[in-house]
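I opened my notebook for a first walk through this structure. Here is what I looked up, in the order I went.

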Amino acid sequence: MGPGSAWSAAAKQAEQLRKDGNNYFKKDRFGAAIDAYTEAITLCPNVPVYWTNRALCHRRRNDWLKVEEDCRRAIQLDYSSVKAHYMLGLALLQKQELDEGVKELQKAMDLGRGANPKGYMVDEIWQELAKAKYLQWEHASTKRSWELQCLKEACETALREKHFLDDSQPEGFLDEASVSNLKQLEALGQVFREAGEADIPGEVPDYLCCKITLDIFRDPVITPNGVTYERAVILDHLQKVGKFDPITREPLDQSQLVPNLAIKEAVQRYLDKHGWAYKMD
């Protein structure tokens, strides 16, 4: 048996072990599945799916350190692995590495949209990404609020001290100084209220929301009639309901949908400024 035949035999054995691992996984026998995938990796260490399959088992057992290790190896072998970036992102979030976790989830999201925009994983990734982005905003918002409050108190103290010094002026100037000080304090309060408005949850503008789900856009596409929908939602409509625009009722085919980059950029700008909008009901 030559080297090529030996490799072929090892590859076949590894594939059988992968199938065995998948069967164990379906039966929630994660330890047995890990053993099978580990044997497959020993035989063929350069097959990324063996690493991501084992990582998924570790995820089910909440062994996030091993999830991270397997996913990093899978990414070395295949940088376009959606599952590897996704699970690595989750593992990093478990370690409280929020920024790095968000980067990996965003990478998984971008890769997933390109591979299968309607796939279940894209929606799952988006939900985890949105939760992580909301946490990012929440942490930053809390820090901003504290810093603004400290600065506001310092400015108010400075104004009051200035007013106290002004009290040494001749009697005719006292009323005028008091009125001026009150106006300055009111103006100061208004400045800080406006500075904190971006962190106050409100309503997302209608033009940034899908007309079917009423949720903020993730991956907007526009029809020839100028109506913008969430990609996965309109694709689902075309497949299950019929090949027509649900609003205009005009005939519509999947091939006619075009990414609405202007709305996508507008949504991102809005989310960058109003991170509370990432929170999902």
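Before looking at helix packing I noted how axes work here: they are lines fitted to C-alpha atoms, for helices over the stretch in contact, with angles from 0 to 180 degrees between N-to-C directions. Helices themselves are DSSP runs (H or I, at least four residues), numbered from the N terminus.

I reminded myself that this is a predicted model, where local features need pLDDT of at least 70, side-chain atom pairs count only at pLDDT 80 or more, and totals for chains, interfaces and linings use all residues. Residues are numbered from 1 along each chain as its sequence is written, and side-chain values use heavy atoms, with hydrogens and water left out.

**Entry: H4 and H5.** How do the axes of H4 and H5 cross? I found that they come within 8 Å and cross at roughly 145 degrees. I looked up which residues are in contact, meaning heavy atoms within 4.5 Å. On the H4 side they include Trp64, Val67 and Cys71, and on the H5 side they include Ala84, Met87 and Leu88. I sorted the residues of this contact into eleven nonpolar, two polar and two charged. For that sorting, Ala, Val, Leu, Ile, Met, Phe, Trp, Tyr, Cys and Pro count as nonpolar, Asp, Glu, Lys and Arg as charged, and the others, Gly among them, as polar.

**Entry: cysteine 71.** I then zoomed in on cysteine 71, which is found in helix H4 (residues 64-77). Is cysteine 71 buried or exposed? Its relative accessibility is 0%, so I wrote it down as buried (under 20% relative accessible area; exposed is over 50%, partly exposed in between, with a 1.4 Å probe and protein chains only). Setting aside neighbours within four places in sequence, I saw cysteine 71 in contact with Ala55, Ala84, Met87 and Leu88.

**Entry: the cores.** I next looked for nonpolar cores, sets of buried Ala, Val, Leu, Ile, Met, Phe, Trp, Tyr and Cys residues joined through side-chain atoms within 4.5 Å. The largest has 49 residues, and Tyr86, Leu105, Ile125 and Val267 have the most contacts inside it. A second, separate core of eight residues includes Ile234 and Leu257. Back at leucine 105, I listed what it touches beyond four places in sequence, including Tyr86, Leu93 and Ile125.

Technical notes: Helix = DSSP H or I, 4+ residues; strand = E, 2+ residues; numbered from the N terminus.
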